[in-house]
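Open the model in the viewer and follow the selections below.

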Amino acid sequence: MIRLATVDDAAHIAALEAAGAHSPWSESSVRGQLATPSCVGLVCEHGHVLSTVVLDEAEVLTVVVHPEARRRGLGRSLLEALTAQWRRHGVTRAFLEVRDSNAPAIALYEAMGWTQCGRRPGYYATDDGREDARLLELDLG
């Protein structure tokens, strides 16, 4: 069951981040983001998505599905539910960054209508240097 996230979900979300994110958010970072009025977050047992909404634009901050629950459609379900929330908030455009090497996420985003609108060279730190990010946009207008 996917539902709106609250600050009470911070520990659960941080545990999911630790299990499945390249650069996991700490519990205090999650708690701080969830306490921000512009945050729109969704959570379920095996995944979450956090975003920010400012006027008619949104940005995905983090999407994580626990590694044991991947490849079952949960990421798509989280993003579809998030898109529905954004529409309720009057969002017409959304953005996100994704690692160039994250082919499964890129394929999912493209299948859902996200298109590349830019690049961020060296955006992500890696064990052996930096990795570029693709900047993607979703038109909800």
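Select residues 47–54 and 57–65. These are strand 3 and strand 4, which run antiparallel and are joined by eight bridges. The model is a predicted one. At one place in this pairing, pick G47: the bridge partner of G47 in strand 4 is V65.

Next, go to the hairpin of strand 3 and strand 4, where two residues lie between the strands. Select L55 there; the phi of L55 is positive, near 55°.

For a specific position, show E59 and F95: E59 stands opposite F95 of strand 5.

Now show the whole protein chain as a cartoon. Traced along the sequence, their order is β-α-α-β-β-β-α-β-α-β-β.

Switch to C-alpha atoms. Along the principal axes they fill a box of roughly 35 × 35 × 30 Å. The radius of gyration of the protein chain is 14 Å, which agrees with a compact globule, because a globule of 141 residues would have a value near 14 Å.

Colour by burial: 41% of the 141 residues count as buried. Then display contacts between residues at least 6 apart in sequence; 58% of these join residues at least 24 apart.

Finish with the surface. The accessible area is about 7600 Å², and carbon and sulfur atoms account for 50% of that. Colouring by charge brings up 14 positive and 19 negative charges, whose mean positions are 3 Å apart.

Definitions and conventions:
Residues numbered from 1 in each chain as written. Predicted model: local features only at pLDDT ≥ 70, side-chain atom pairs only at ≥ 80, totals over all residues. Heavy atoms only, no water. Helix = DSSP H or I, 4+ residues; strand = E, 2+ residues; numbered from the N terminus. Rg over C-alpha atoms; globule rule 2.2 N^0.38 Å. Buried < 20%, exposed > 50% of the residue type's maximum accessible area, 1.4 Å probe, protein only. Contact = heavy atoms within 4.5 Å. Areas by Shrake-Rupley, 256 points an atom, 1.4 Å probe, with all protein chains shown as cover. Lys, Arg positive; Asp, Glu negative; His and termini not counted. Charge placed at Lys NZ, Arg CZ, Asp CG, Glu CD. Pairing = 2+ DSSP bridges.
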